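Here is a walk through one protein model, from its overall fold to its side-chain pairs. Keep the structure open as you read.

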Amino acid sequence: MLNNKVEEILNAQINKEFYSAYLYIAMSAYFDECGLKGFAHWTKVQAQEEIEHGITLFDYIIERDGNINLTPIEAPERDFHNPLQVFEMILSHEKKVTDSIENVANMSETECDRATREFIDKYIKEQVEEESQVLDIIKTIKMFGNDNSILYHIDKELSKR
Ligand code: OFO
């Protein structure tokens with residue numbers, strides 16, 4: 001049985017994962033409008049991963065005989081201007097998600113819930129990977145992004161995800 005505080009923070013995390021999916025889907029639509037099919041594909045695949053993160057949390061709460069409390073998902077930000085700005089927005093968003101995952105880890109430690117502490121480890125690792133991938137894309141765009149032919153190649157590369 002899940003302790004109430006841990007249950008609450010896990011439910012809040014489900015909302016954040018689905019919000020992330022919404023945000024990536026909005027970005028995918030923006031890239032699609034710009035004709036950047038590779039960027040659109042990359043962000044859409046990321047949205048699918050975020051849904052998976054939310055569902056895994058959902059399954060875990062059920063497995064621990066906890067209560068699911070689904071709350072409204074905020075409309076995503078839509079202030080998109082160019083690939084660099086969008087990827088900088090992604091990095092800043094993922095840093096916030098990392099903080100909230102760390103809060104889940106801290107709460108499970110405070111509440112002596114070792115199972116949740118162990119469960120959340122894969123999310124901590126995932127955040128490290130996500131931030132690093134996004135940072136690599138930002139560096140590449142910064143290095144070459146002003147050159148449209150290179151942007152075209154980055155777009156092709158991202159379509160392989
Ligand atoms: Fe769920 O990893 Fe991004 O937000």
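Start with a definition: a residue is buried under 20% relative accessible area, exposed over 50%, and partly exposed in between. Arginine 161 has a relative accessible area of 28%, so this residue is partly exposed. The model is predicted.

First, the fold. The protein has six helices and zero strands. Read from the N terminus, the elements run α-α-α-α-α-α. The C-alpha trace spans about 55 × 25 × 25 Å along its principal axes. Of the 161 residues, 43% are buried.

Alanine 29 and arginine 78 are 49 residues apart along the chain, and their C-alpha atoms are separated by 9.9 Å. Alanine 29 belongs to helix α1, residues 4–34. Its relative accessible area is 38%, so alanine 29 counts as partly exposed.

Now the aromatic rings. Two quantities describe a pair of aromatic rings: the distance of the centres and the angle of the planes. Rings pair if their centres lie within 6.5 Å. By that rule there are eight aromatic pairs. Take phenylalanine 39 and phenylalanine 87. Their ring centres are 5.8 Å apart and their planes stand at 70°, so the pair is edge-to-face. The cut-off behind that label is an angle over 60 degrees. Where do the two residues lie? Phenylalanine 39 is in helix α2 (residues 37–63) and phenylalanine 87 is in helix α3 (residues 83–110), so the pair ties together parts that are 48 residues apart in sequence. Both phenylalanine 39 and phenylalanine 87 are buried.

The charged end of arginine 161 sits over the ring of tryptophan 42, 4.4 Å from the ring centre.

That brings arginine 161 back, and with it the charged pairs. How many salt bridges are there? The count comes to eight. In one of them, arginine 161 meets glutamate 49 through their side chains, at 3.3 Å, N to O. This pair links distant parts of the chain. Glutamate 49 lies in helix α2, arginine 161 lies in the segment after α6 (148–158), and the two are 112 residues apart. Glutamate 49 is at 28% relative accessibility, so glutamate 49 counts as partly exposed.

Next, aspartate 113 and arginine 64. Their side chains meet in a salt bridge at 3.2 Å, N to O. Aspartate 113 is in the loop between α3 and α4 (114–119), and arginine 64 is in the loop between α2 and α3. The two are 49 residues apart, so to speak distant parts of the chain are linked.

Glutamate 157 and lysine 160 form another salt bridge, at 3.0 Å, N to O. Glutamate 157 has a relative accessible area of 47%, so glutamate 157 is partly exposed. Lysine 160 has 61%, so lysine 160 is exposed. Salt bridges also link Glu109, Arg117 and Asp121 into a network.

Last, the cysteines. The disulfide count is zero. Cysteine 34 is partly exposed, because its relative accessible area is 39%. Cysteine 112 is exposed, because its relative accessible area is 66%.

Note on methods. Residues are numbered from 1 along each chain as its sequence is written. This is a predicted model: local features need pLDDT of at least 70, side-chain atom pairs count only at pLDDT 80 or more; totals for chains, interfaces and linings use all residues. Side-chain values use heavy atoms; hydrogens and water are left out. Rings of Phe, Tyr and Trp (its six-membered ring) pair if their centres lie within 6.5 Å; planes under 30 degrees apart count as stacked, over 60 as edge-to-face and the rest as tilted. Helices (H or I, at least four residues) and strands (E, at least two) are DSSP runs, numbered from the N terminus. Buried means under 20% relative accessible area, exposed over 50%, partly exposed in between (1.4 Å probe, protein chains only). A charge sits over a ring if NZ of Lys or CZ of Arg is within 6 Å of the ring centre and within 35 degrees of the ring normal. A salt bridge is a side-chain nitrogen of Lys or Arg within 4 Å of a carboxyl oxygen of Asp or Glu. A disulfide is a pair of cysteine sulfur atoms within 2.5 Å.
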